[in-house]
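These are my notebook entries on one structure. I set down what I looked up, entry by entry.

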Amino acid sequence: MSPTLVIVGAGPRGTGLLERIAANAADLYGDRPLDIHLVDPHPPGAGRIWRHDQSPLLWMNSLAEDITMFTDASVEMVGPVRAGPTLAAWARQAGDGTVTVPSGAAEAAGALGPRDFADRRLQGHYLGWVYDRAVAALPPRIAVHEHRHHAVRLAGPRDGRQQVWLEGRPAPLVADLVVLTLGHLGSEPPPEEQALASFAATHGLTYLPPDFTADSDLSGLRAGEPVLVRGMGLAFVDLMILLTEGRGGRYLTRPDGQLGYLPSGEEPVLHVGSRRGVPYHSKIGYDWTGERPPLPRFFGPAEADALLARPGGPDFTRDIWPLIAKELGFAHYHRLFTAHPERTAVHWTDFEEKYAAADPGSAALHTLVAASVPDPADRLDLDTLDRPLAGVRYPNAAALQDGLRGYIQADLDRRHDPAHSPDQAVFLALLSVYGQLTRFGDLGPWWHGFFSYLASGPPGPRLKQLLALSRAGVVRFLGADVTVTADGTTGLFRAGSASLPHTEVTARALVEARLPAPSVAHSRDALLRGLYADGAATTPGGLLRVDAADGRVLDRAGRAHPRRFALGPHTDARASGAFTRPGTNAPSFRQNDATARTLLTFLAARTPKEHHAADQ
């Protein structure tokens with residue numbers, strides 16, 4: 001009758017929580033017995049997204065040296081730091097045989113440099129190794145039991161043990177505590193997508209709704225035929241690779257030094273656009289040198305406390321965004337003035353004093369920047385960054401293709417030139433801001449999209465490949481503010497954009513190149529839907545409401561459930577990722593530690609005698 005913990009979801013977030021349980025167990029739990037049940041149909045550590053069973057052509061979008069699953073001194077937490085290798089350091093160890101990896105992985109690991117982009121399968125091996133290490137670090141009387149099943153229902157009273165029902169199992173797992181670390185999940189399509197799917201079924205077309213691209217069936221996208229693609233983020237990059245190089249095409253260097261593409265003849269023609277009309281910004285391709293901006297400066301814990309104390313809570317546009325903008329601007333100009341002073345007209349101390357005194361977005365702030373930074377290209381313009389094609393109109397399709405290729409090449413040039421290092425300072429400020437925003441709950445989709453667009457874009461080589469595909473005619477850009485309609489007269493999908501008025505493209509196939517929006521009420525996960533039906537609270541945007549302090553699930557009266565917890569992108573305390581860059585005080589690591597300590601403290605109070613009596 002040992003105390004029992006069930007963790008639903010054994011991917012990187014569940015693995016990170018397990019690592020924190022192991023780190024805190026000696027202090028908070030001692031030598032007591034505990035059964036931990038991990039429930040996930042996919043391999044522990046890697047989970048669904050990083051599993052080995054996917055194309056080796058799919059990469060991560062972070063450098064190997066910028067990926068870690070381990071805490072360090074930067075993480076503000078109560079529990080102990082347990083250092084461990086980054087993906088790059090682990091790969092070196094795997095390559096030289098210091099750590100054991102599955103057959104075939106050692107060669108790939110040995111070839112990975114610290115500034116390379118690993119394929120996702122190799123990351124899955126790293127995550128599996130982290131999982132094995134976390135299990136091995138648990139005290140001897142804590143046992144881990146793996147269940148390769150879907151969890152389909154959670155039941156039980158607030159003040160009693162919980163039942164977790166597994167698909168295909170006649171009896172539930174009985175647990176003192178349950179934690180949901182479910183990662184990205186599918187959702188039932190909203191009415192617009194349902195209508196497009198119905199139209200496709202009626203007219204014999206192909207419609208692919210939002211999904212993790214590696215799980216999508218791309219066989220209906222035929223060679224040589226046009227395909228409309230809505231979305232230009234990371235899901236589009238995966239789609240682009242699977243439909244080109246994945247179908248036998250290959251890249252080569254042309255005599256002029258540009259990357260070229262040699263088609264296999266099996267590729268469709270991808271007509272791609274989005275709200276912005278441009279791909280996410282390239283990953284920065286140079287190292288940081290010199291002084292870092294002292295962050296947070298204008299949006300730290302004190303400012304967050306003040307906003308959260310306001311009656312009725314803060315409004316993102318009115319209250320939060322101005323502080324974010326000022327923080328990003330501060331980081332940008334701190335770097336410009338300290339690393340590139342020849343491009344400024346005043347001393348940093350004078351600028352900083354006036355910048356601090358100016359209201360965010362005010363005329364005084366704009367006047368200060370214009371007088372202090374002579375070249376407009378050195379000024380931070382967040383509106384233009386967010387919507388670079390706003391108001392831009394092209395006379396014809398050829399001009400649009402040339403214009404977008406020029407934009408992408410300019411982005412590549414800038415993001416790989418340390419002369420523009422204020423861009424990297426803005427990236428650091430975005431990470432700092434994200435660390436504060438986890439306390440504010442659901443901020444809506446715009447902020448997370450903006451963050452990903454600036455800070456979590458594709459590797460530079462992917463954008464070079466995109467340019468090669470564009471020059472080869474395999475990819476055609478649609479532009480910004482793309483609209484897609486179902487044309488009942490022709491029985492085809494039709495797409496147009498604000499960038500090229502009065503011009504449309506028709507196709508028999510449409511792909512929504514993005515992940516589905518998280519929605520507890522409309523999730524395809526039966527357990528989450530049941531949790532909502534049982535009274536769990538959600539945000540207006542559909543995220544599960546949790547206590548920001550330790551992840552306990554909240555009901556619609558605002559009460560925290562004493563025995564149910566949730567961590568990850570389906571909650572309103574979602575952090576930027578289950579793994580992160582070293583030295584950045586990662587919110588997910590802080591959350592994992594706080595939740596692990598709450599779990600262990602609760603379970604430690606359940607002595608075997610008390611535990612047995614409670615179940616009589």
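**Second largest pocket.** I began with its lining and found that α13 gives the most, with five residues. I take helices (H or I, at least four residues) and strands (E, at least two) as DSSP runs, numbered from the N terminus. The model is predicted, so I read local features only at pLDDT of at least 70 and side-chain atom pairs only at pLDDT 80 or more, while totals for chains, interfaces and linings use all residues. Residues are numbered from 1 along each chain as its sequence is written, and side-chain values use heavy atoms, with hydrogens and water left out.

I noted 24 lining residues for the second largest pocket, of which S432, G435, Q436, N585 and R590 lie nearest its centre. The elements giving two or more residues to this lining are α13 (422-437) and α17 (587-604). The space in the pocket comes to about 620 Å³. A pocket here is an open set of points on a 1 Å grid over the protein atoms alone, where a 1.4 Å probe fits, with protein on both sides within 12 Å along at least five of seven lines; lining residues have an atom within 4 Å of a point. Points are joined across faces, edges and corners, and the volume is the space filled by probe spheres set on them.

Contact means heavy atoms within 4.5 Å; axes are lines fitted to C-alpha atoms, for helices over the stretch in contact, with angles from 0 to 180 degrees between N-to-C directions. I read the open sheet as β3-β2-β1-β7-β19-β18, with mixed pairing. Two strands pair if DSSP finds at least two bridges between them. β3 (142-147) and β18 (552-554) stand at the edges with a single partner strand each, so one side of each has no neighbour in the sheet. Neighbouring strands are turned by 30° on average, direction ignored. β2 (residues 34-39) and β3 pair in the parallel sense over six bridges, and L38 stands opposite E146 in β3.

β9 (226-230) and β17 (509-512) share three bridges in the parallel sense, where L228 has L510 as its bridge partner.

**Helix α15.** I asked how much of α15 is buried. Nine of its 12 residues are buried, that is, under 20% relative accessible area (1.4 Å probe, protein chains only). Among them are R462, Q465 and S470. The buried residues pack against α6, β10 (250-253), β11 (259-262), α12 (397-415) and β13. Just after α15, G473 takes a positive phi of about 80°.

**Hairpin.** A151 has L166 in β5 as its bridge partner. Six residues lie between the strands of this hairpin, and G156 takes a positive phi near 130°.

Conventions. Buried < 20%, exposed > 50% of the residue type's maximum accessible area, 1.4 Å probe, protein only.
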